[in-house]
Amino acid sequence: SDFWLNLRSDKHIYFEPRNGARLAEPNSAEANCGGAVFLKRGIRIDGLGPGSDLCLRSNDGRLSHIFFASEVQADSEQIAVYYVTRIRIDSGSFKDIVRPLSGPQREFCSR
């Protein structure tokens with residue numbers, strides 16, 4: 001796994017990159033993760049909720065975008081998210097694969 005959740009000793013929840021992956025600060029990038037500044041360190045996510053998002057880059061360069069579907073509390077037992085995997089299909093186009101909380105997977109193409 002390139003990313004994992006970690007409850008640190010300071011009682012806060014962090015989303016952390018592993019194996020060379022990187023992530024961007026919450027709500028810091030464009031809708032397609034353009035302009036994201038990817039970091040090696042973990043990002044604190046308790047206190048985030050609907051409307052918050054993170055851009056991720058895997059160790060092999062794939063982009064994903066995580067969207068929080070509910071408020072994340074420090075004592076949360078579950079975290080509700082959905083994510084979009086952005087696959088480049090040519091120099092200016094991406095195919096987005098949306099993985100919702102439940103139900104069928106949906107695919108979209110964008111330029």
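Student: How do you know that R8 lies over the face of Y14?

Tutor: R8 is placed at 3.6 Å from the ring centre of Y14, and a charge sits over a ring if NZ of Lys or CZ of Arg is within 6 Å of the ring centre and within 35 degrees of the ring normal. R18 likewise lies over the face of W4, at 5.2 Å from the ring centre. Please keep in mind that this is a predicted model, in which local features need pLDDT of at least 70 and side-chain atom pairs count only at pLDDT 80 or more, while totals for chains, interfaces and linings use all residues. Residues are numbered from 1 along each chain as its sequence is written, and side-chain values use heavy atoms, with hydrogens and water left out.

Student: Why is E16 called buried?

Tutor: E16 is found in strand β2, strands being DSSP runs of E with at least two residues, numbered from the N terminus. Its relative accessibility is 11%, and buried means under 20% relative accessible area, exposed over 50% and partly exposed in between, with a 1.4 Å probe and protein chains only.

Student: What makes the link between E16 and R8 a polar contact?

Tutor: Their side chains are joined at 2.7 Å, and a polar contact is a pair of N or O atoms within 3.5 Å, where within protein one must be able to donate a hydrogen and the other to accept it, residues adjacent in sequence counting only if both atoms are side-chain atoms. R8 is also among the residues that E16 contacts beyond its neighbours within four places in sequence, along with D2, F3, W4, N6, L23 and G42, contact meaning heavy atoms within 4.5 Å.

Student: How do you know that β1 and β2 pair?

Tutor: Two strands pair if DSSP finds at least two bridges between them, and β1 and β2 (residues 13-17) have five, in the antiparallel sense. In this pairing L7 stands opposite I13, and N6 stands opposite Y14. On its other pairing, β2 runs antiparallel to β4 with two bridges, and Y14 stands opposite R44 there.

Student: Why are β1 and β4 called edge strands?

Tutor: The open sheet of three strands has the order β1-β2-β4, with antiparallel pairing. β1 (3-7) and β4 (43-44) each have a single partner strand, so one side of each is left without a neighbour in the sheet.

Student: What makes β2 mostly covered?

Tutor: Five of its five residues are buried. I13, F15 and P17 point one way from β2, whereas Y14 and E16 point the other way. In a regular strand the side chains alternate between the two faces of the sheet.

Student: Why is the pair of F3 and F15 called stacked?

Tutor: By the ring rule the count comes to two aromatic pairs. The centres of F3 and F15 lie 5.6 Å apart and their planes are at 5 degrees; rings of Phe, Tyr and Trp (its six-membered ring) pair if their centres lie within 6.5 Å, planes under 30 degrees apart counting as stacked, over 60 as edge-to-face and the rest as tilted. The pair links F3 in strand β1 to F15 in strand β2, twelve residues apart. F3 is buried at 16% relative accessibility, and F15 is buried at 12%.

Student: What makes F67 and Y82 a stacked pair?

Tutor: Their ring centres are 5.0 Å apart and their planes are at 15 degrees, so the pair is stacked. F67 belongs to strand β6 (residues 63-68) and Y82 to strand β7 (residues 81-90), 15 residues apart. F67, at 21%, is partly exposed, and Y82, at 32%, is partly exposed too.

Student: How do you know that C33 and C55 form a disulfide?

Tutor: Their sulfur atoms are 2.2 Å apart, and a disulfide is a pair of cysteine sulfur atoms within 2.5 Å. A search of the whole structure finds one disulfide. It links C33, in the loop between β3 (22-23) and β4, to C55 in strand β5 (residues 53-57), 22 residues apart. Both C33 and C55 are buried.

Student: Why is the disulfide of C33 and C55 called left-handed?

Tutor: The torsion about its S-S bond is about -90 degrees, so the disulfide is left-handed.

Student: What makes P50 exposed?

Tutor: P50 lies in the loop between β4 and β5, and its relative accessible area of 58% is over the 50% limit, so P50 counts as exposed. Beyond its neighbours within four places in sequence, P50 is in contact with F68, A69, S70 and E71.

Terms used:
Helix = DSSP H or I, 4+ residues; strand = E, 2+ residues; numbered from the N terminus.
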